[in-house]
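This report describes a protein chain and the surroundings of its ligand. The sequence and the structure are shown first, and the description follows.

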Amino acid sequence: MEKTIKIEQGDISNLQEIVSLNHQIFDKMYEKDPYTLEEYKDRLKNKSPFILVAKLNGKIIGNAISYKQDGSWYNWIMGVAEEYRGQGIGTQLLEQREQYAIQYGYKSITAKVYGVSQAMQQLYKSRGYKVINVLKSKNDPKYDALIFELKLN
Ligand SMILES: CC(C)(COP(=O)(O)OP(=O)(O)OC[C@H]1O[C@@H](n2cnc3c(N)ncnc32)[C@H](O)[C@@H]1OP(=O)(O)O)[C@@H](O)C(=O)NCCC(=O)NCCS
């Protein structure tokens with residue numbers, strides 16, 4: 001059977017599959033439960049999100065969702081199924097989001113990453129994103145949110 005992982009542009013019709021994957025990825029990770037399908041639909045309503053899916057044999061094993069927010073390009077959600085991490089899929093998803101923002105003339109990319117997402121923080125830092133703000137959690141420093149920014153030319 002074909003073992004190649006392909007990254008392609010997805011759309012709203014992929015949301016159900018994305019949400020069920022992200023429920024596994026984000027389960028117990030944050031203070032709150034992972035977002036529901038309704039919450040994804042609500043967040044993305046009236047936006048033209050850029051949705052990327054990483055597929056293996058037609059099954060979604062990774063995803064990234066970005067959209068325009070306050071004039072900047074906002075990297076919202078990203079996740080790779082645990083068993084496929086460490087193979088560069090996250091890097092490819094991020095590169096493609098960056099290319100999209102550059103292509104559409106955005107001046108910067110922002111992202112919000114919680115203290116619990118160490119791999120994501122590492123990945124952003126390695127690609128030149130800088131921490132421009134920290135939103136402190138009232139309850140636990142591991143839920144502090146770092147706001148990352150990458151300036152584009
Ligand atoms: C963040 C995530 C998407 C990275 O996906 P991935 O496919 O494993 O990423 P890559 O293989 O391309 O790794 C890219 C970089 O991430 C960082 N990274 C990956 N795993 C890491 C780990 N266990 N610890 C520290 N840094 C790590 C490294 O900088 C790595 O670069 P390197 O391979 O040169 O060391 C994945 O770990 C994930 O889904 N995590 C859970 C969900 C999450 O935290 N999402 C972000 C919040 S929206």
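## An exposed residue and its setting

In this predicted model, asparagine 153 is exposed, because 4 other C-beta atoms lie within 10 Å, and a residue counts as exposed if that number is 12 or fewer. Asparagine 153 belongs to the segment after β7 (145–151).

The protein chain as a whole contains four helices and seven strands. Read from the N terminus, these elements follow the order β-α-α-β-β-β-α-β-α-β-β. The radius of gyration is 15 Å, close to the 15 Å given by the globule rule for 153 residues, so the chain is as compact as a globular protein of that length. Further values for the protein chain are collected below.

| Property of the protein chain | Value |
|---|---|
| Span of the C-alpha trace along its principal axes | about 45 × 35 × 35 Å |
| Residues that count as buried, of 153 residues | 24% |
| Share of contacts with a separation of 6 or more that join residues 24 or more positions apart | 57% |

The ligand is surrounded by 20 residues, of which Arg85, Gly90, Thr91, Ser117 and Ala119 are the closest. Two or more residues of this shell come from each of β4 (72–80), α3 (89–103) and α4 (118–126). Which element gives the largest share of the shell? It is α4, with six residues. By residue type, the shell consists of nine nonpolar, ten polar and one charged.

Note on methods: Residues are numbered from 1 along each chain as its sequence is written. This is a predicted model: local features need pLDDT of at least 70, side-chain atom pairs count only at pLDDT 80 or more; totals for chains, interfaces and linings use all residues. A residue is near a molecule or strand if its C-beta atom, placed from the backbone, lies within 6 Å of it. Ala, Val, Leu, Ile, Met, Phe, Trp, Tyr, Cys and Pro count as nonpolar, Asp, Glu, Lys and Arg as charged, and the others, Gly among them, as polar. A residue is buried if 20 or more other C-beta atoms lie within 10 Å of its own, exposed if 12 or fewer, and partly exposed in between; C-beta atoms are placed from the backbone. The radius of gyration is taken over C-alpha atoms; the globule rule is 2.2 Å times the number of residues to the power 0.38. Two residues are in contact if their C-beta atoms, placed from the backbone, lie within 7 Å.
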